[in-house]
Amino acid sequence: MALDDSNKTRVFKVVGTRPDRPDGIDKVTGRARFGADMVAPGMLTGRILRSPHAHARILRIDASKAEALPGVKAVVTRADFGDVPDHVADIMENCMAGEKALYDGHAIAAVAAISPAVARQALRLIEVEYDVLPHVTDVDEAMKPDAPVLHEGRQQETVPPGMSQNVIARSEFGHGDIEAGLKQADRVLERTYRTAATHQGYIEPHACLATMSADGQGDLWVCTQGHYMVRNTCAAILGLEQGQLRVTASEIGGGFGGKTTVFLEPVALMLAKKSGRPVKMVMSRSEVLRATGPTSSTSIDVKIGMRKDGKITAAYAELRYQGGAWPGSPVNMGAMSGFAPYDLENVKTVGWDVVTNRPKAAAYRAPGAPMAAFAIESAIDELAKGFGLDPLAVRLMNGADEGTKSSYGPTYPAIGLKATLEAAHKHPHWTAPLGKNQGRGVACGFWFNFGGDTCVSLNVTPDGTVTVSEGNPDIGGSRASMTMMAAEELGIPYDQVRTIIADTGSLGQNEVTDGSRVTFAVGLATIEAARSAKREMCRRAAMIWGIDEQAVEWEDGAARPAGPNAGKFPPMTIKEIAAVASNTGGPIAGHHEVTAEGAGVSFATHMVDVEVDPDTGATKILRYTVFQDAGKAVHPSYVEGQFQGGAVQGIGWALNEEYIYGEDGILQNAGFLDYRIPVASDLPMIDTVILEIPNPGHPYGVRGVGETSIVPPLAAVANAVSEAAGVRMTQLPMSPPRVLAAIQAGG
Amino acid sequence: MSRIHVTTTINGDATEFLCEAEATLLDVLRDELGLTGTKEGCGTGDCGACSVTVDGRLVCSCLMLGAEAEGREITTIEGMATGERLHPLQKKFIEMAALQCGICTPGILVAAKSLLERNPDPSEEEVRYWLAGNLCRCTGYDKIIRAVMETAADMRRAS
């Protein structure tokens with residue numbers, strides 16, 4: 001649905017204001033119900049037994065002692081699920097191991113018991129005989145021809161012969177002639193960069209409550225980014241009809257992509273089926289870190305040619321991402337996005353998808369993009385500074401614009417990259433003085449954004465207030481945004497609309513909350529649903545007035561006669577029309593079902609000042625400013641919140657966070673003490689500048705904002721630390737020992 | 001396994017419960033008493049989502065046994081508002097968008113209230129260090145810190 005021309009000059013009444021969120025009181029009083037907060041009569045506790053080995057053949061599972069323990073009501077292993085359809089086979093294997101345990105923490109068996117204590121005891125009674133196999137957790141090691149192999153026969157035809165079976169796929173993007181471009185350069189920089197695996201780090205562990213009847217009807221309460229996905233996946237795994245499984249999304253305590261797949265849910269349903277009782281499962285924090293989706297660790301080669309005036313003549317990157325124990329790392333999105341901010345004549349990226357003995361990577365906020373941006377934005381910065389050029393000016397000179405053929409194929413419509421760079425350049429932060437051991441870094445970032453399957457149903461109640469039903473869990477204020485867009489379109493106050501998240505029985509298919517899609521796609525469907533209700537209300541008014549419905553228009557929450565021949569009638573408000581709806585044709589509603597397209601790509605530029613302690617290598621973030629295009633900021637406070645939250649997750653990725661595996665392939669830091677996410681005392685305020693370059697694909701110009709904000713910070717922080725420390729940092733995290741070693745080695 | 005009888009005060013109400021010797025105060029609050037506003041993010045005292053006060057002292061309820069509540073006064077997030085009147089911190093958190101997903105919010109509010117009771121005029125640095133034990137993954141803390149500072153200023157003006 002295209003941007004309304006009238007919206008380019010439109011004065012919004014609700015959109016752009018900052019009302020209180022409708023779920024606010026529930027969330028500040030403890031009343032909001034999250035995944036682990038639900039109970040059911042007769043409920044059992046479900047627990048999972050996990051592999052203590054990184055790679056092992058499962059020779060035998062004997063659960064007879066556990067089954068005999070008083071209070072144990074069901075034990076489940078992979079054998080209970082039988083064959084599952086191909087499209088969910090890897091997900092099934094991740095939820096419950098079959099022939100092999102493929103990573104430390106891989107689920108082996110599950111129990112349901114009358115109490116947590118009995119469940120824990122039962123797990124200890126399950127005997128598993130393993131044949132421990134050699135393992136590999138490093139991406140470059142896993143690609144070597146003699147590396148331990150996880151799967152035979154999964155390699156795709158894109159991979160040249162002679163490589164390890166762990167190399168699943170090769171992809172390639174770009175255009176032009178790299179070699180010819182490199183010849184035009186005054187300097188060619190080649191560097192290898194590495195990033196550690198990091199976890200989404202949502203504070204709410206995965207949790208669900210399942211019931212399953214003998215007639216094949218199931219109910220599931222779950223914290224997820226997409227309950228329709230949960231329904232479809234669980235139905236496929238358990239051989240249920242989708243319509244027989246009703247899934248209700250709880251409030252969700254963070255996801256960042258990590259709750260876009262299933263882990264516990266099919267197991268909980270199977271335990272509920274076998275026991276005939278409701279089963280609740282809640283992960284511990286160590287289970288979350290050991291066995292749910294982190295993102296890839298990566299190894300990336302970059303080769304960029306630049307003229308001494310700053311013009312990039314050729315840009316090449318080769319990206320190796322391990323995605324854990326099954327195919328599907330986000331390497332393609334890294335390869336597509338890394339050079340997307342630039343207008344390049346000669347550009348090419350090659351991506352390698354690699355499996356290792358680690359938990360399967362799940363989506364993490366702009367999956368694959370932050371690591372690619374770290375490598376590429378670091379290289380561009382080093383080249384620019386090497387020529388004594390302003391790194392923002394170099395980015396502006398090479399920056400993509402409307403009409404640029406992107407590095408991944410499409411030609412851009414109106415985009416906001418240069419607006420973010422120009423805003424950064426004239427911001428006081430850019431010229432503020434720096435002290436000793438301090439440095440300033442900048443970097444750009446890009447994200448595609450997404451639309452997808454979306455349903456919204458909008459109902460006008462008999463008193464003329466409005467309810468909106470949508471199918472995407474509210475992960476950070478989206479109910480407020482939908483309420484605002486419905487109120488805007490209907491011309492009624494914000495408090496006359498209430499938005500709820502409907503269960504899977506109440507709407508058609510909805511894509512998960514991913515791709516920064518909700519404010520864009522659900523917003524678009526909400527606006528269309530409201531328009532549909534407005535048309536119906538105009539028709540009712542026309543009927544009452546006895547005039548043609550084309551002669552009625554909607555303005556400020558009321559139907560009004562329009563045009564010279566419509567007649568003179570006082571406006572009928574939504575309340576007046578609703579009050580007589582039973583006499584004019586029945587209840588009034590609008591709904592819209594769509595596979596939303598035109599999400600509108602998003603760009604950001606980040607600027608950060610750091611101070612590096614030369615004696616310890618510790619980095620302190622002194623100042624941070626985010627410049628990002630939001631298209632149209634529906635609720636500016638929540639847009640700022642997305643900018644700030646993404647920046648800080650990126651700071652954690654840059655400085656602290658990493659999955660640390662021992663030689664034994666066991667995760668060494670499966671807890672928040674040792675997997676250290678940023679805390680309040682690590683940080684300054686995160687300043688934000690919202691740019692609004694309307695998205696041509698949305699009626700109000702909205703673009704998704706949630707993911708782009710994590711793309712630039714890894715590189716921005718690295719560029720700042722490199723300047724402050726006087727040595728180029730090419731590996732994340734830039735933990736104090738690593739920075740200190742680099743300083744001592746003198747570069 | 002015999003259970004322990006505990007007599008305590010929770011949010012001003014005299015309360016009795018039976019608990020296993022190994023049950024944490026968090027388990028008791030959530031599973032025995034239905035006070036699920038207190039959240040479990042880690043179970044190891046690292047995230048602060050389970051923050052409550054015990055005789056006015058801020059603690060992680062996952063690190064304290066239920067049996068240790070005997071004779072104490074426990075305050076949880078459910079005790080923060082008075083009827084339908086929100087505490088100024090609760091109101092300010094909504095107004096200033098100091099929450100996104102809301103899972104850390106109860107713990108942060110309990111911790112922030114505890115700070116303002118001790119120090120009605122904290123500096124930004126004092127707020128940041130006081131809340132350093134409460135992890136938030138959504139907000140980057142900016143709006144949380146601002147909301148606490150602004151509430152403190154409002155409360156000083158009102159007193």
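## Chain B: contacts and overall form

In this predicted model, 60% of the contacts in chain B between residues at least 6 apart in sequence join residues at least 24 apart. Buried residues account for 56% of the 159 residues in chain B.

Chain B contains five helices and five strands. Read from the N terminus, its elements follow the order β-β-α-β-β-β-α-α-α-α. The radius of gyration of chain B is 16 Å, close to the 15 Å that the globule rule gives for 159 residues, so chain B is as compact as a globular protein of that length. Along the principal axes, the C-alpha atoms of chain B fill a box of roughly 50 × 30 × 25 Å.

## A four-stranded sheet in chain A

Chain A holds an open sheet of four strands in the order 16-24-25-26, with mixed pairing. Strand 16 (438-447) and strand 26 (686-691) form the edges, each pairing on one side only. From one strand to the next, the twist averages 15 degrees.

Strand 24 (residues 602-612) and strand 25 (residues 619-629) of chain A run antiparallel and are joined by nine bridges. A:Ala604 has A:Gln628, in strand 25, as its bridge partner. Helix 18 (residues 636-655) of chain A lies across strand 24, strand 25 and strand 26, at about 130 degrees to strand 26.

## The largest nonpolar core

The largest nonpolar core comprises 293 residues, of which A:Val111, A:Val267, A:Val717 and A:Val721 touch the most other members. Helix 16 (residues 518-545) of chain A gives the most to this core, with 13 residues.

Leaving aside residues up to four places away in sequence, A:Val111 touches several residues, including A:Arg47, A:Ala66, A:Val72 and A:Leu123.

Note on methods. Residues numbered from 1 in each chain as written. Chains lettered and ligands numbered in written order. Predicted model: local features only at pLDDT ≥ 70, side-chain atom pairs only at ≥ 80, totals over all residues. Core = buried A, V, L, I, M, F, W, Y, C linked by C-beta atoms within 7 Å. Buried ≥ 20, exposed ≤ 12 C-beta atoms within 10 Å, placed from the backbone. Helix = DSSP H or I, 4+ residues; strand = E, 2+ residues; numbered from the N terminus. Contact = placed C-beta atoms within 7 Å. Rg over C-alpha atoms; globule rule 2.2 N^0.38 Å. Pairing = 2+ DSSP bridges. Axes fitted to C-alpha atoms, helices over the stretch in contact; angles between N-to-C directions.
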